[in-house]
Amino acid sequence: MAKQTYTASEAASALGISLDTLRRWDKAGRIQVSRDQSNRRVIAAEEINRLRGDGGGRQISARNRFAGVVTEVKTDGLMAQVEIVVRDPVRLVAIVTRDAVEELGLRAGMATTAIVKATNVIVQR
């Protein structure tokens with residue numbers, strides 16, 4: 001049986017953020033948090049899924065998933081550049097449409113998952 005609630009540290013790890021960031025999100029109302037009998041933060045699995053975008057019963061075949069935090073969103077015309085820190089100092093930069101950024105509501109500080117499905121990635125200098 002899947003876990004229904006997570007401790008703050010487990011939730012932060014699942015979201016790819018620090019415990020301090022989770023605490024700030026709680027204070028800002030960006031994440032729904034409950035308290036246990038000892039007044040410790042607990043987060044429902046549904047809330048973690050909501051923030052990670054795992055909900056809706058949709059599944060895809062891509063296995064290369066990188067949980068991280070958006071650090072920057074630059075828009076220019078129809079395109080946007082989204083920078084995601086997967087694990088410091090590792091970062092991923094994606095070029096997507098401006099519409100996609102607006103539809104997803106991407107902004108700095110937001111937890112996200114980058115899903116990579118590619119046959120080739122070639123970088124040479």
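Me: Leaving aside neighbours within four places in sequence, with which residues is K74 in contact?
Reply: Contact here means heavy atoms within 4.5 Å. In this predicted model, once neighbours within four places are set aside, the contacts of K74 are M79, A80 and Q81.

Me: What conventions apply to the numbering and to the predicted model?
Reply: Residues are numbered from 1 along each chain as its sequence is written, and side-chain values use heavy atoms, without hydrogens and water. Totals for chains, interfaces and linings use all residues, whereas side-chain atom pairs count only at pLDDT 80 or more and local features need pLDDT of at least 70.

Me: Which strand holds K74?
Reply: Strands (E, at least two residues) and helices (H or I, at least four) are DSSP runs, numbered from the N terminus. K74 belongs to the run of residues 64-76, which is strand 4.

Me: Why does K74 count as neither buried nor exposed?
Reply: Buried means under 20% relative accessible area and exposed over 50%, with partly exposed in between (1.4 Å probe, protein chains only). K74 is classed as partly exposed because its relative accessibility is 43%.

Me: How many helices and strands does the protein chain have, and in what order do they run?
Reply: The chain comprises four helices and seven strands. From the N terminus, the order is β-α-α-β-β-α-β-β-β-α-β.

Me: What is the strand order of the open sheet of three strands?
Reply: Two strands pair if DSSP finds at least two bridges between them. The edge strands, each pairing on one side only, are strand 1 (5-7) and strand 2 (34-35). Strand 2 and strand 3 (residues 41-44) run antiparallel and are joined by two bridges. The pairing in this sheet is antiparallel, and the strand order is 1-3-2.

Me: Which residue in strand 3 stands opposite R35?
Reply: Strands of a sheet pair through backbone hydrogen bonds, either parallel or antiparallel. The residue of strand 3 that stands opposite R35 is R41.

Me: What angle does the direction of helix 3 make with that of strand 3?
Reply: Axes are lines fitted to C-alpha atoms, for helices over the stretch in contact, and angles run from 0 to 180 degrees between N-to-C directions. Helix 3 (residues 45-52) packs on the sheet and touches strand 1 and strand 3. Its direction and that of strand 3 make an angle of about 70°.

Me: What is the phi of N39?
Reply: Most residues other than glycine have a negative phi. N39 lies in the loop between strand 2 and strand 3. Although N39 is not a glycine, its phi is positive, at about 65°.
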